[in-house]
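Hi,

Here is the structure I promised to pass on.

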Amino acid sequence: MTIRTTALALALLAGLCQPAVVTAAQADEQLFVETPGVLEFTGQMIVRPRQDLYAATNPRPDASPARSWMPVAGQKAAAGEATDPARARIIDQVIEHFGEVDEYIVHVPAGQNENTYAQLLMATGDYEYVTPNWLCYTTDTVPNDPNFSDSWQHTNVESARAWDIFTGNSGTIIAVCDTGADLDHPDLVDRWISGFNSEQDLAQVDGGNVQDQHGHGTFVAGCAAATGNNGTQVVGMGWNFSVMPIRVTPSGTSGSASSANLDQAARWAADNGATVVNTSFSGVDGSNVQTTGAYCKARDCLSFRSAGNDNRNLSGFDHADVVVVGASTPSDAKASFSAYGLGVDLTAPGESVRSSQNGGGQGTGSGTSFSSPIAAGVGAMIAASNPTLDIDDVEQILFDSCDDIGAPGEDNTFGHGRVNLFQAMLAAANPIDITFTPLAGIPDELVPATTTTFDVRIEIDNDTMIGVPTLNYQEDGGSAMTAAMTDQGGDVWRATLPAFACGGDPEFFLSVDLTTLGMVNFPDTGAFGAVVGTAVVSFTDTSEINTGWVVSGITAGTAGGWARGLPQGFSRGDPSVDSADAGSQAWLTGIVAGVDNSDVDNGTTTITSAAFEAGNGSTISYDYWFNDVAGGPLQGGDAFTVEVSSNNGASYSAVRSYTTAFGSWRSDTLVEGIDYAASANVRLRISASDLGTQNVVEGGIDNISVTAVDCTNPGACTGDIADDFGNIGADGMVSFGDFLALLGLIGPCPGGTPGCTGDIADDFGNLGGDGMVSFGDFLALLGLIGPCP
């Protein structure tokens, strides 16, 4: 494995719009809630079929511009269109299809609303996400002080020092997806290039209107790219970038726009040469935002989104391909209004920042709407200053050049920190590369009571290591420990893990302290894990035969009862294949000949396993499927539960209760010592209940296995009872040390049980323990001298 780190050498208009997205991976069902004047339904949804299921049948996965093979609602599809269930199900509702990302804008059908329609579609298992095509509103954070003369944002990000190195160039394009542009503004007039209107679906050269009808777009553009060193008003992050105006708002509005318009605008920018694209609107939570970000990044364009002005904790997502920007104050605190949390990647000045006003003036404004284009301007400066960097390098340098103004390292308030243009220019000119290459892999199974070493090549460019690399480790939640690594020459460093007891699960990572970059970890997040001993699957059940399961309550052959059979793929989300070996059997509720659903009604169906062994350090894993559609969340005592017994069924403990519908198999694991006690007589009991208002309650279980830990030392063999120093501890050799160790073991095995350490022969000198360590064991040992096989 090689890890390479390249590093240092809103609400509409970033505000209150909070788009819930129903996805198959959600742990709890979400409801879409509209707030008049802030976040409103449009009667439309954004729907994306599951790409893993339907990639082969997607008619135009790379289509651009975004015009559909699908007809508008009411028109007949051409031959061969909508041949798969996901598309056929929505074909009569389609308004528009964006083929480049396979997203559909659809009407909510009569008799449904946004919530019921999303739940209905997601329950089929055919869709990646379903979310409203929200209408969002401005958050009143437009400029308000045309006489403000202090651009404090440039002081904090050290712009003047950065401009001593580089000031930007016109070959780099910043796209501003917003309310339009003041094309005559004296500080931007030389920056504009031809843009696009996503509401009209029309390029500016073809008549698309990009004039700013609100003012927000002009202010955003100035934050990133107002002309510098021209004796006029303000300056952006770069002095002379090209700015692509993309208007996303319809005429006659106060600045609101649909999610679909925002996404299409960003994709158009990426298709037409933008280096960075900024969207200072709400809707950052949506899965569609990540889809668009990935589309842009694949075209060497980095997408920036404002975090929002509602002081909300954005912990439900972390977009891999979108830079989400929060707002900081002149004192480098979090702006009181700024969203924060796992989803925020970094911060930038966003309180009373100075920029260009619609109508030719200048002023100040507050909001993450303005933090985002400042960060986007820094990103554009990185890309422009070093054309050899790819877009992933640009993003990494942006992150690593931030000033760490919160808790050490990446945190959930400031992300990677507050952008610093000067540090970014230094890093872009001389990017630091640190590469970790394990020479024989990272150990994931450790021999009990034995130290473990592994070697890693650590190569560093444009920085200097302070001290030596460090191994950091922790055993089973104990105290964090460190150990210095040793130099093996040739940039190779050796890490030594201490001896751990069998059954443990230590975690560890490496760290290197660099003069410029600071502390760098490998892996860059989290830690490596290992099991002490050998992981062995001791029991498995793939449902191809009945291994002793018993059905009670609503029984097999009755609608809703558990039965083993082939999955049927019914229309309400039932699986079409089993989880263990596709095309074969699973345990499912309601598999009855001639009945086209697996719904449990008016009672409980329970399936109980035969007893099996799950010892110390073991885990029990299984795949499960659960659907609950018609009535929404489980009601009136309805349940889908997993219980476990460690006493052969004398008593059970509930360890899992599933409440969220989804359209695919999922996996879960029970851990000995947490969910159950080690025993030779463990049983599972799984129940599906529909006791109150009659919902659709359906379930499935498959692919059950028990993984145990084998504590046998693989270096040992019969007679290998001591290490080289004569201690009791095998070293892979039968040698004189074993004879010395044997002397201290003379006598009966404890408790009279054959097979203790040193008991390798019966009274006749054969290899077979007799419960005594005696002279016969010495004679047997003579024939074993040498290395273990």
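**What surrounds Tyr-127**

Leaving out residues up to four places away in sequence, Tyr-127 touches Val-47, Arg-48, Pro-49, Arg-50, Pro-85, Ala-86, Arg-89, Ile-90, Leu-121 and Met-122, where contact means heavy atoms within 4.5 Å. Before I go on, some housekeeping: this is a predicted model, local features need pLDDT of at least 70, side-chain atom pairs count only at pLDDT 80 or more, and totals for chains, interfaces and linings use all residues. Residues are numbered from 1 along each chain as its sequence is written, and side-chain values use heavy atoms, with hydrogens and water left out.

Back to Tyr-127, which sits in strand 7 (residues 127–132); strands here are DSSP runs of E with at least two residues, helices are runs of H or I with at least four, and both are numbered from the N terminus. Tyr-127 is buried, at 1% relative accessible area (buried is under 20%, exposed over 50%, partly exposed in between, with a 1.4 Å probe and protein chains only). Its side chain reaches the backbone oxygen of Ala-86 at 2.5 Å, and a polar contact of 3.3 Å joins the side chains of Tyr-127 and Arg-89. For polar contacts I used N or O atoms within 3.5 Å; within protein, one must be able to donate a hydrogen and the other to accept it, and residues adjacent in sequence count only if both atoms are side-chain atoms. Tyr-127 and Gln-51 are 76 residues apart in sequence, with 8.3 Å between their C-alpha atoms.

**An Asp without a salt bridge**

Asp-623 is in strand 36 (residues 619–628). It is buried yet has no salt bridge, and the nearest side chain of opposite charge, Arg-666, is 11 Å away. A salt bridge needs a side-chain nitrogen of Lys or Arg within 4 Å of a carboxyl oxygen of Asp or Glu; for charge, Lys and Arg count as positive, Asp and Glu as negative, and His and the chain ends are not counted. What Asp-623 does have is a side-chain polar contact with the side chain of Ser-667, at 2.6 Å.

**Aromatic pairs**

Rings of Phe, Tyr and Trp (its six-membered ring) pair if their centres lie within 6.5 Å; planes under 30 degrees apart are stacked, over 60 edge-to-face, and the rest tilted. That rule gives 17 aromatic pairs. One is Phe-41 with Trp-134, stacked because the ring centres are 5.2 Å apart and the planes are at 20°. The two residues are 93 apart, with Phe-41 in the loop between strands 3 and 4 and Trp-134 in the loop between strands 7 and 8. Phe-41 is partly exposed at 23%, whereas Trp-134 is buried at 0%.

Tyr-624 and Tyr-658 are also stacked, at 3.9 Å centre to centre and 15° between the planes. Tyr-624 lies in strand 36 and Tyr-658 in the loop between strands 38 and 39, so this pair ties together parts 34 residues apart in sequence. Ring pairs also link Phe-436, Phe-454, Phe-508, Phe-522 and Phe-528 into a cluster.

**Helix 8**

Twelve of the 13 residues of helix 8 are buried, so the helix is largely enclosed by the rest of the structure; Trp-268 is among them. Just after helix 8, Gly-273 takes a positive phi of about 95°.

Cheers
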